[in-house]
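Here is a friendly walk through a multi-chain model, from a pair of packed helices up to whole domains and chains. Have the viewer ready as you read.

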Amino acid sequence: MNFDPRYSNRSFTSVGTRPIRPDGVDKVTGRARYGADFNMAGQLVGRVLRSPHPHAKIRKIDTAKAEKLAGVKAVITAADLPDLTDGDAAMYDILDNCMARKKALYDGHAVAAVAAVDARTARQALKLIEVDYEVLLHVTDVDEAMKHTAPLLNDAIFTEGLEEKPVKPSNVTKRTQFGHGDIHEGFGQADFVVKRSFKTEQTHQGYIEPHACVASVSSDGTADLWVCTQGHFVYRQHCAQLLGMEASKLRVTSSEIGGGFGGKTHVWAEPVALALARKAGRPVKLVMTRDEVFRASGPTSATSIDVRIGARKDGTITAAEATLRYSCGPYAGMWAEIGAMTAFACYRLENVRTVGYEVLVNRPKTAAYRAPSAPMAAFAVESAIDELAKEIGMDPVEFRIRNAAQEGTRSSYGPVYGPIGIGPTLEAAKNHPHMKAPLGKNQGRGMACGFWFNFGGQTCTDLNIGMDGSVSLAVGTVDVGGSRASLSLVAAEELGIAYEQVKAVVADTSSLGYNDMTDGSRGTFSSSMATISAARNTIKILRERAAQMWDIPVDDVVWEKGHAIAKGEKYGNLAALSLKEIAAASGKTGGPIAGHSELVADGAGVSFATHICDIEVDPETGTTRVLRYTVVQDAGKAVHPTYVEGQYQGGAAQGIGWALNEEYIYGKDGRLQNPGFLDYRIPVCSDLPMIDTQILEIPNPNHPYGVRGVGETSIVPPLAAIANAVSNAAGVRMTHIPMSPPRILAAIEAERGG
Amino acid sequence: MRYIRPLSMEDAVGQLAGSSGTAAILAGGSDLLVRMKGGFIEPDLILDIKAIDGLSEIRETAEGFSIGAAVSCALMGESAALKGEWPGVVEAAKLIGSKQVQGRCTITGNLCNASPAADSVPALVAAGAMALIAGPAGRRTVAVEAVPTGPGKTSLAKGEIIEAILLDRRAPRSGDAYLRFIPRTEMDIAVVSAGVNLTLDEQGVVKSARVALGAVAPTVLLVEEATEALIGRKLDEAALERLAKVCSGACRPIDDKRGTVEFRRKVAGVLARRAATTAYARAGGK
Amino acid sequence: MAGVAVSTTINGDNVEYLCQPDETLLDVLRDRLGLTGAKEGCGTGDCGACSIILDDRLVCSCLVLGAEAEGRRVETIEGMAHGDRLHPLQQKFLEHAALQCGICTPGFLIAAKDLLAKNPDPTEEEIRFGLAGNLCRCTGYDKIVRAVQDAASVMKGA
């Protein structure tokens with residue numbers, strides 16, 4: 001059946017209300033089962049041996065002693081994970097990252113693993129594995145890695161995207177460029193030009209739940225994997241491919257997930273657990289320690305960014321350019337490319353050019369982190385925009401409003417925008433009481449804008465009507481922050497029934513068709529679209545069954561407020577049939593009633609936000625305090641407004657942590673010095689104020705309810721908003737994130753000295 | 001590996017003296033268990049001292065306070081008498097870790113862990129606290145600053161256990177204060193810290209002063225020049241300036257993941273000055 | 001390594017178990033007793049996800065040995081509701097959507113319960129500092145603080 005995803009204006013009954021989430025009680029009583037809360041009979045404990053060196057050739061691994069230890073049931077190395085990737089370079093990188101093959105490429109890179117009867121035995125076994133390393137020179141800094149004198153991580157890599165084919169290998173895997181117009185001409189028209197260089201340090205998603213899985217492989221080749229993941233279908237595909245299994249024989253069940261933010265979109269331990277389980281012939285539980293999560297999962301890029309923006313006296317930007325260098329860890333990525341696409345996406349520009357460089361370094365493989373790559377680019381651009389407004393003598397909000405992209409603007413990365421929310425978020429910010437609140441001594445206010453693409457992707461849902469008329473909604477997008485509540489609301493809305501009548505679950509990979517993972521802010525956008533489609537398919541069947549029960553033509557049956565109604569005066573005596581009544585009769589009218597939907601959710605509307613914050617700086621110590629914070633963001637349509645607010649607040653809090661204190665600190669030896677929550681400082685409760693939110697609803701034309709993704713954009717503006725506030729409070733431009741107290745104090749002292 | 005829970009100090013000392021291999025004393029466990037989890041220590045004997053009579057009590061005597069080695073920092077915070085006389089010591093103890101950690105950790109453990117950044121130690125040193133040590137040869141008392149000898153090292157001999165930390169009764173017109181610098185508001189380890197303890201005469205002139213700095217040298221620094229800078233003066237701007245200067249000058253910090261040399265040096269002076277101001281006010285100085 | 005026999009009280013029930021001398025109470029609860037409500041986020045006392053109450057003191061169960069529970073009283077998230085009647089804090093966490101992923105929630109609820117037991121009428125600042133030992137990465141704490149404020153006013157009225 002054709003499904004029309006276009007937006008149509010309507011009033012809502014369920015959507016927009018704020019009911020309690022269906023998985024809530026289990027989560028407040030400790031009953032909900034996360035990755036590490038599941039056990040199988042006879043299960044072994046898996047543990048991974050990791051390289052202490054940032055860069056080393058693996059000459060030999062001797063596992064004989066470990067294998068002989070009583071209680072050890074399997075020991076594996078790369079030899080147990082043969083290369084089955086068949087020329088697929090991206091899959092080969094995943095394989096090599098799961099278990100180092102020829103070289104260890106970062107501190108924490110897995111080199112071997114064991115499965116034993118208990119944790120103590122597994123730990124002892126790791127100590128008995130002898131690895132003969134040839135330690136190589138390493139490089140962890142993104143700028144250092146670009147120098148031609150830097151140690152090479154992979155001598156088979158020649159930079160792609162250069163005009164002339166390079167003759168020497170490089171740590172730069174790729175150059176990309178975006179933009180339009182003529183920037184030289186544009187800068188020629190400028191009365192003011194701001195040019196600055198910025199750096200941001202590497203951060204981690206910091207989910208509280210470490211990666212955890214339980215794997216079981218039977219001798220007939222069937223296998224089960226219980227795992228905390230943002231995408232169990234993708235995990236199935238990757239694990240099956242790496243282990244040479246048939247996807248249909250590997251059932252992956254996604255546990256409740258204790259945070260992901262992009263960090264649980266890649267396999268690390270799961271193929272290892274499956275390989276151990278296969279070799280041992282027993283289930284294996286593998287749970288990372290916090291130390292392992294920091295050292296060997298997928299943090300975001302460290303960056304180095306140059307920005308130049310020119311404007312006329314009247315406040316019109318005439319040209320903008322940026323060069324963005326993003327670290328990828330030891331394997332090729334497209335992080336700078338995404339950064340280059342997002343950098344100027346908020347603005348209407350005649351002449352714009354961005355260039356991105358993907359850089360290999362001896363750090364863990366970069367993974368997505370909430371609107372990946374965008375916050376760093378926004379930090380650089382929005383800092384320069386603020387500075388330029390100041391030079392022109394314009395209010396920073398007015399300056400942004402004057403240059404904001406609109407419907408019909410050709411974006412800096414190519415496409416022409418439909419209806420978008422950047423202008424409205426700026427106007428809302430301008431009129432927000434926060435903007436007019438007085439500031440005290442050593443306090444500064446900053447604001448910044450942010451953009452994110454959003455994503456739709458492949459989606460499949462099943463909607464099953466029980467004999468009692470209750471509704472089971474099976475979705476394939478993992479619920480990372482309340483989407484089961486939102487999707488239940490959507491099903492209730494479409495069917496015209498109460499929210500409480502719907503129960504949404506996340507189905508395993510054997511129970512539902514393929515779904516892309518919950519990333520790109522797609523969970524509620526795409527699965528709600530599929531749910532609407534499945535519900536409409538169900539309604540068609542419900543109408544048919546009612547028609548059959550009444551023995552009238554189906555075209556005379558309409559569906560309203562959860563009931564089939566016979567349309568027309570001639571049916572005046574027929575009482576409406578409720579969903580419950582039709583369900584109860586279903587055994588006699590053709591069997592179970594269900595609606596399905598398989599679709600590619602195209603048209604995820606782009607998303608914009610504007611943030612405002614007030615910061616106080618202690619000029620004697622460089623300490624900062626966040627006094628007030630306001631998020632204004634376009635949601636398209638907020639399905640469950642409380643959880644939309646939660647996404648805004650959560651993204652802002654992560655951005656605040658990134659801006660002020662979070663960073664990976666590597667020693668000269670290339671080892672990570674702060675792989676724990678004590679010295680990798682995510683914000684605690686007493687660090688933050690209440691985070692005010694304002695939800696704007698500019699309908700997405702490509703979704704029946706106008707929904708846009710809301711999960712990611714909120715982390716894009718904070719780095720810049722806080723940098724602008726700190727710069728205003730301290731009277732000195734901050735160009736290095738995080739703005740930790742030592743960095744702020746050094747900047748203040750340098751300003752005083754100079 | 002064995003876990004034992006002796007009921008008397010004599011038994012504990014005997015067990016410890018007679019142990020072979022690595023023995024670890026367990027009071028709050030907030031350092032020991034972290035070290036065990038990280039694989040930095042695998043003790044053959046874990047000696048849990050919490051069941052020893054009196055070790056979990058704060059005793060108030062005519063001479064002062066005796067804080068048992070197993071008294072949690074949370075319990076110190078609940079002692080109105082202790083807080084009344086030694087607010088600086090108590091605020092230092094109450095800054096360690098989180099509420100959860102304070103429910104377990106002890107100032108004796110903080111001292112014996114011998115971290116240069118230990119929160120309670122500068123406050124104890126400034127307060128002139130003594131450690132009562134039980135050992136195979138009987139009991140002895142030493143100044144707390146004599147216990148840590150370097151990062152992770154103490155002067156305790158085999159078989160010795162700190163039984164209590166002793167604080168004097170306060171002279172009139174006395175006050176102490178402790179401040180530390182951390183990047184967050186909670187849950188951090190001091191990047192720099194300062195404890196100040198003052199006694200004033202009737203005119204508000206400083207009669208005695210002890211200033212200690214943490215995380216700026218291998219062990220907590222008792223800054224003698226700071227005492228000189230304060231004694232015989234009211235706490236005017238010039239005295240505070242001088243205090244800040246001598247404290248910054250006394251630092252011998254390192255660059256590490258938590259802070260730079262320049263930062264620590266500068267902030268040590270700032271904190272000493274601010275802590276002195278609070279201590280002075282607490283002593284009734286105006 | 002000899003096991004240690006422990007007799008203790010958990011959520012009001014007498015419980016006996018055998019554990020290793022170096023085994024944490026968190027591991028005992030989760031792996032031996034099937035009480036998986038307390039979570040291990042770090043294992044070093046830095047995240048609070050394993051918070052429990054031990055003899056009226058809020059502690060991280062990852063920093064307590066299983067052997068230390070001998071003769072003591074342990075309260076975990078599994079004992080917070082009375083039958084199917086949720087504790088006001090649990091109810092308010094649901095109503096305010098004070099959880100997104102929910103992994104930190106048991107720890108927050110236990111810490112908040114301890115906080116309100118000691119201070120029934122806390123200010124926002126007291127709540128924020130009282131819960132600073134519990135990390136949440138999803139919510140930005142806003143809705144958690146509001147839920148605790150709301151629960152406090154309900155509990156005072158009760």
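In this predicted model, α12(A) and α13(A) make a left-handed crossing, a term used when the near helix is turned anticlockwise from the far one by less than a right angle, with clockwise being right-handed. This is a predicted model, in which local features need pLDDT of at least 70, side-chain atom pairs count only at pLDDT 80 or more, and totals for chains, interfaces and linings use all residues. Residues are numbered from 1 along each chain as its sequence is written, while chains are lettered from A and ligands numbered from 1 in the order in which they are written.

**The helix pair in chain A**

Two packed helices are described by the angle between their axes and the distance between the axes. Helix α12 (residues 396-403) of chain A and helix α13 (residues 422-431) of chain A have axes that come within 10 Å and cross at roughly 160°. That angle is why α12(A) counts as roughly antiparallel to α13(A); the cut-offs are under 35 degrees for roughly parallel, over 145 for roughly antiparallel, 65 to 115 for roughly perpendicular, and oblique for the rest. The axes are lines fitted to C-alpha atoms, for helices over the stretch in contact, and the angles run from 0 to 180 degrees between N-to-C directions. Helices (H or I, at least four residues) and strands (E, at least two) are DSSP runs, numbered from the N terminus.

Which residues meet across this pair? From α12(A) come A:Val397, A:Arg400 and A:Ile401, and they meet A:Gly423, A:Leu426, A:Glu427, A:Ala429 and A:Lys430 of α13(A). Being in contact here means that C-beta atoms, placed from the backbone, lie within 7 Å. By class, this contact has 4 nonpolar, 1 polar and 3 charged residues. Ala, Val, Leu, Ile, Met, Phe, Trp, Tyr, Cys and Pro count as nonpolar, Asp, Glu, Lys and Arg as charged, and the others, Gly among them, as polar.

**Domains in chains B and C**

In chain B, the contact takes 19 residues from domain 1 and 19 residues from domain 2. On the domain 1 side, α5 (87-93), α8 (120-127) and β8 (148-150) of chain B are the elements that give two or more residues. The largest share of that side, 6 residues, comes from α8(B). Its classes are 13 nonpolar, 4 polar and 2 charged residues.

In chain C, 13 residues from domain 1 and 11 residues from domain 2 form the contact. Strand β3 (residues 51-54) of chain C provides the largest share of the domain 1 side, 3 residues.

**Between the chains**

Chain A contributes 40 residues to its contact with chain C, and chain C contributes 41 residues. On the chain A side, α1 (24-28) and α19 (641-660) each supply at least two residues, and α19(A) gives the most, with 7 residues. That side divides into 20 nonpolar, 15 polar and 5 charged residues.

The contact between chain A and chain B takes 17 residues from chain A and 17 residues from chain B. Here the chain A side has 7 nonpolar, 6 polar and 4 charged residues.

Methods:
Contact = placed C-beta atoms within 7 Å.
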